[in-house]
Amino acid sequence: YTNLGQHKNAEPLLNQSLEISKKVIGLEHPFTTTVLNNLGLLYSNLGQYKNAEPLLNQSLEISKKVYGLKHPKTAMLQNNLGYLYVYLGQYEKAEPLLTQSLEISKKVNGLEHPLTSRILNNLGLLYEGLGQYEEAEPLFKQALEISKKVYGLKHPLTSQILNDLGLLYNNLGQYEEAAPLFKQALEIGKKIYGLEHPDTAL
């Protein structure tokens, strides 16, 4: 349901899954961590940030205990929480999470990996939010190149990064650079989701 943009249908299922998981296998278990993360991301997508933050925090803390700091799962959860803080404009909280997440991902996954690409893109959003456009641009470009290599052009991550890079150029008044990026991102979105999906509408 979440992948289809049907977030309200997903919410009761994830809440039920979380309750069962806590009762059957306990809180400090990899599966419980995953459910907490998914529920946190769902609330984030619904704009319920006060509900999202404690779930993503809890998921990360459990992952640190279960997997340790230098693990791809922990890096992914740091990225998710960091992205939430970027979206909320809480850049001082976001930066250490994303920086540490990037270092772990590069060591464990390598540079040409989807998670590394996502973190680079989120760091680009962070620096753009801080008005540090010169730092943001190469991060977006690197994220885009990795996503193209890993996924190709017809993928949601590639579309997202194209859109984010387009927004950066738009904010800089570089409209000729922004327009083809927006167009390409929209075309990819239409092919993947169709016209009636929330991501395409955006």
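Reader: Which residues are buried in helix 9?
Author: In helix 9, the buried residues are Ala178, Leu181, Ala185, Ile188 and Gly189, where buried means under 20% relative accessible area, exposed means over 50%, and partly exposed lies in between, with a 1.4 Å probe and protein chains only. They cover an arc of only 100 degrees around the axis, which puts them on the same side of helix 9; the arc is that of the directions from the helix axis to the C-beta atoms. Before going further, note that this is a predicted model, in which local features need pLDDT of at least 70 and side-chain atom pairs count only at pLDDT 80 or more, while totals for chains, interfaces and linings use all residues. Residues are numbered from 1 along each chain as its sequence is written, and side-chain values use heavy atoms, with hydrogens and water left out.

Reader: And what does the face turned away from the buried side of helix 9 carry?
Author: That face carries the exposed residues Tyr175, Glu176, Lys183 and Lys191.

Reader: What span should helix 9 have at 1.5 Å a residue?
Author: The 19 residues of helix 9 (residues 175-193) should span 27 Å, and the end C-alpha atoms are 26 Å apart, which agrees; the expected span is 1.5 Å times one less than the number of residues. Helices here are DSSP runs (H or I, at least four residues), numbered from the N terminus.

Reader: Switching topic: at what angle do helix 6 and helix 7 pack?
Author: Helix 6 (residues 114-129) and helix 7 (residues 133-151) pack at an angle of about 160 degrees, with their axes 8 Å apart, the axes being lines fitted to C-alpha atoms over the stretch in contact and the angles running from 0 to 180 degrees between N-to-C directions. Helix 6 and helix 7 are therefore roughly antiparallel to each other, given that angles over 145 degrees count as roughly antiparallel, under 35 as roughly parallel, 65 to 115 as roughly perpendicular and the rest as oblique.

Reader: Are helix 6 and helix 8 parallel or antiparallel?
Author: Helix 6 and helix 8 (residues 156-171) pack at an angle of about 20 degrees, with their axes 11 Å apart, and are therefore roughly parallel to each other. Residues of helix 6 including Pro114, Arg118 and Leu125 meet residues of helix 8, among them Leu157, Ile161 and Leu168, contact meaning heavy atoms within 4.5 Å.

Reader: What covers the buried residues of helix 8?
Author: The cover includes helix 6, helix 7 and helix 9. Helix 8 is followed by Gly173, whose phi is positive, near 80 degrees.

Reader: Now helix 4: how many of its residues are buried?
Author: Helix 4 is mostly covered, with 12 of its 16 residues buried, and what covers the buried residues includes helix 2 (30-45), helix 3 (49-67), helix 5 (91-108) and helix 6. After helix 4 comes Gly89, whose phi is positive, near 80 degrees.

Reader: Which residues does Gly82 touch?
Author: Gly82, which lies in helix 4 (residues 72-87), touches Ala94, Leu97 and Leu98, not counting residues up to four places away in sequence. At 0% relative accessibility, Gly82 counts as buried.

Reader: Is Thr74 buried or exposed?
Author: Thr74, also placed in helix 4, is buried, with a relative accessible area of 0%. Setting aside residues up to four places away in sequence, Thr74 touches Leu60, Ser63, Lys64, Tyr67, Gly68 and Leu69.

Note on methods. Helix = DSSP H or I, 4+ residues; strand = E, 2+ residues; numbered from the N terminus.
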